[in-house]
Amino acid sequence: MLLRQFAAPQPFAATGHAPARGEIGEPAVPDLGHGPHAPFALPPLPYSLRALSPIISARTLQYHYRRHHAGYLSNLNRQLTGHPMAGEPLITVIRETRGGTEPGSLFNNAAQVWNHSFYWRCLIPGGGKPPAGRLASAIERDFGGFTALADRLITAATSHFASGWVWLCAENGYLSLQRTANADTPIRQPGRVPLLTIDVWEHAYYLDYQNRRSDYAVRLVDRLLNWPFAAQIFQTHLEQVQRDQAALTLPSASAPAPVTPPAPASEPSEPAPAREPAAAPRTAPGLVLTAPADTRSATFSRLARLR
Ligand SMILES: [Fe+2]
């Protein structure tokens, strides 16, 4: 398999976040500032503890970042002390230890460190505004528009059972929603790049909303999601897809190979449809969400009430 070191594209270079090493056909995952190997560092919050208030209070953010996130990092560094994987990047630790499901496992702590560092960057004061450019076009193609996607994110976050995460992901230029249980993360799945996430563990909202997770989800999607951040990652992803296509195209070929939609995870392989003006996202049992249509009106009623 061809290995290569990607140059740091502008979107991440501007913020000091270069993509991790990738392979042909495998996406570069943003390096969020944990350092090259253990002991990993806790990346600083990209805003003050009060910056997301009143949607997320300073008290919630303090506990979430300084206790939970820092706790995962402390556990991870302790577990990696003297461990054979101590010299590996965080992404490698996550991918090589997946399947560890026991509480406190190396995978759980490694994945939760990355998930939370990513989550902080997915939020921004004054967020929630629709993106422009290629991400906007992809949202229109794959979800039928920004409002429909926002509604599905809220529904996914509200309906997910127990602890976990909701993700907007890109794969081969196409978008999909995914939810993962507990610490699980889409970056362990080859070819899938997360663009945004919502933490639906109770520690993310309980101090502010108690059991009203839907209120947390509505406010977060409406006021905090960092769509420019997602657009940067998506642009980098598209550039990588184009580079991969060029690398795999025979010299005699004059036209690039068509991009095919991603095959649903954990489903038997089947012929991928040709590029199409997809109105609905692709589904994968247990991974990619299909939001019930009748949840839309309820969600917007809630949005109107919260504004
Ligand atoms: Fe969390």
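The buried residues of helix H5 (residues 133–143) are covered by elements that include H6, strand E4 (174–181) and helix H9 (227–248). Contact here means that the C-beta atoms of two residues, placed from the backbone, lie within 7 Å. Helices (H or I, at least four residues) and strands (E, at least two) are DSSP runs, numbered from the N terminus. This is a predicted model, in which local features need pLDDT of at least 70 and side-chain atom pairs count only at pLDDT 80 or more, while totals for chains, interfaces and linings use all residues. Residues are numbered from 1 along each chain as its sequence is written.

**The chain as a whole**

- The secondary structure of the protein chain consists of ten helices and five strands.
- The protein chain has 307 residues, of which 40% count as buried. A residue is buried if 20 or more other C-beta atoms lie within 10 Å of its own, exposed if 12 or fewer, and partly exposed in between.
- Of the contacts in the protein chain between residues at least 6 apart in sequence, 63% join residues at least 24 apart.

- The buried residues of H5 are Leu135, Ala138, Ile139, Asp142 and Phe143. These residues lie on the same side of H5 because they cover an arc of only 105° around the axis; the arc is that of the directions from the helix axis to the C-beta atoms.
- An α-helix has 3.6 residues a turn, so residues three or four places apart point the same way.
- On the face of H5 turned away from the buried side are the exposed residues Gly133 and Ser137.
- Just after H5, Gly144 adopts a positive phi of about 85°.

**The packing of H6 against H8**

- Helix H6 (residues 146–159) and helix H8 (residues 213–223) have axes that come within 9 Å and cross at roughly 150°. H6 is therefore roughly antiparallel to H8, a term used for angles over 145 degrees, with under 35 counting as roughly parallel, 65 to 115 as roughly perpendicular and the rest as oblique.
- The axes are lines fitted to C-alpha atoms, for helices over the stretch in contact, and angles run from 0 to 180 degrees between N-to-C directions.
- From H6, Ala150, Leu153, Ile154, Ala157 and Thr158 meet Arg213, Ser214, Ala217, Val218 and Val221 of H8. By class, this contact of H6 with H8 has seven nonpolar, two polar and one charged residues. Ala, Val, Leu, Ile, Met, Phe, Trp, Tyr, Cys and Pro count as nonpolar, Asp, Glu, Lys and Arg as charged, and the others, Gly among them, as polar.

**The loop between E2 and H2**

- Pro39 is in the loop between strand E2 (22–23) and helix H2 (58–80), and the peptide bond from Ala38 to Pro39 is cis, with omega near -5°.
- Pro54 also has its place in the loop between E2 and H2; a cis peptide bond with omega of about 10° joins Ser53 and Pro54.
- Pro44, found in the loop between E2 and H2, counts as exposed because it has 10 C-beta neighbours inside 10 Å. Pro44 and Tyr65 are 21 residues apart in sequence, and their C-alpha atoms are 9.3 Å apart in space.

- Asn182, in the loop between E4 and strand E5 (193–199), is a residue other than glycine with a positive phi near 55°. Asn182 counts as partly exposed because it has 16 C-beta neighbours inside 10 Å.
- Gln210, in the loop between helix H7 (206–209) and H8, has a positive phi of about 50° although it is not a glycine. Gln210 is exposed, with 11 other C-beta atoms within 10 Å.
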